[in-house]
Amino acid sequence: MSAFTRYKLTFTRQELVLVFITMIWGGTFLAVHHAMTVSGPFFFVGTRFATAALLLALFSWRSLRGLTRRELKAGALIGLAIGCGYGLQTWGMQTISSSKSAFITALYVPLVPLLQWIFLGRLPGVMAWIGILLAFSGLMLLAGPESGSLAFNAGELATLLSTLAIAAEIILISACAGKVDVKRVTVVQLAVASIFAFALMGPNGESVPAFSPYLLVSAVGLGIASAIIQVTMNWAQRSVSPTRATVIYAGEPVWAGIVGRIAGERLPAVALLGGALIVAGVVVSELKLRRKNRAKRDPSPQKGEVN
């Protein structure tokens, strides 16, 4: 059996957990999409992250007593990025399908090296540029295929803007890595994201929605899921290489598309092609970046990775 075949077919326990988490996370797009029928977007996002913040604070309250000014600042900045990202993404799902939202959201991966070049002067490699080109070509096919034009509607534009905020979140987290306590910063960022989302209810003309069992279950359920998924990902990625994790996470919009299809969403063939190009762009750009960075740290490949 070739090394490539072993790479494709062999999964560790941690990698299987990440596959399961990615499947669940892909399915949350449809849950959020349906929740927009009973709630405004920013109330929903605020409730979701308030639940996640309270849950994590409950399990890490002892460490919170050591919160530093640097951790508070880092958590606040990351939280604002999260609030913008998820707020715009959820606002967009009022008018676009969960499948389309998931594919557009995946653009944040190839956007990270592009933003690092613009703001930090780190020039992307050749494969990163190929990934960016593939992803944005896919976006053009995904946008407005029903009308035969390449125009973006309001929901697509909001979702596209959300990817910038999510990419900024990734960059901020990388900048703070190793300098702060992860538990404390995570609680702060979730709390700030919740407060920021609630604050945007006024400008968006939202009021507190009437009680709905579906709203309660979906908002609180997704909040709990957000906390559990974050902790699980941190645990699994201690032994799973960034390259392998990226390939697994690239399946998130695919799972969202499958769940949406089962629920009755139908994307045109050209939109599906666009989604496939976005996923390909995610894998191509991140695979090269992760391998390049890893090579600088450790010239020997990790177990299960392709040279």
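How many residues does helix H2 have, and how far does H2 reach from its first C-alpha to its last? I got 23 residues (13-35) and 33 Å, close to the 33 Å expected at 1.5 Å a residue. That expected span is 1.5 Å times one less than the number of residues.

A note on the source: this is a predicted model, where local features need pLDDT of at least 70, side-chain atom pairs count only at pLDDT 80 or more, and totals for chains, interfaces and linings use all residues. Residues are numbered from 1 along each chain as its sequence is written, and side-chain values use heavy atoms, with hydrogens and water left out.

Next, the whole protein. I found 14 helices and zero strands (DSSP runs numbered from the N terminus: H or I of at least four residues for helices, E of at least two for strands). Of the 307 residues, 47% are buried (buried is under 20% relative accessible area, exposed over 50%, partly exposed in between, with a 1.4 Å probe and protein chains only).

Back to H2: its buried residues include Leu-18, Ile-21, Trp-25 and Phe-29.

Then I went to H7. H7 has 13 residues and reaches 17 Å, first C-alpha to last, close to the 18 Å expected at 1.5 Å a residue. Among its buried residues are Val-109, Leu-111 and Leu-115.
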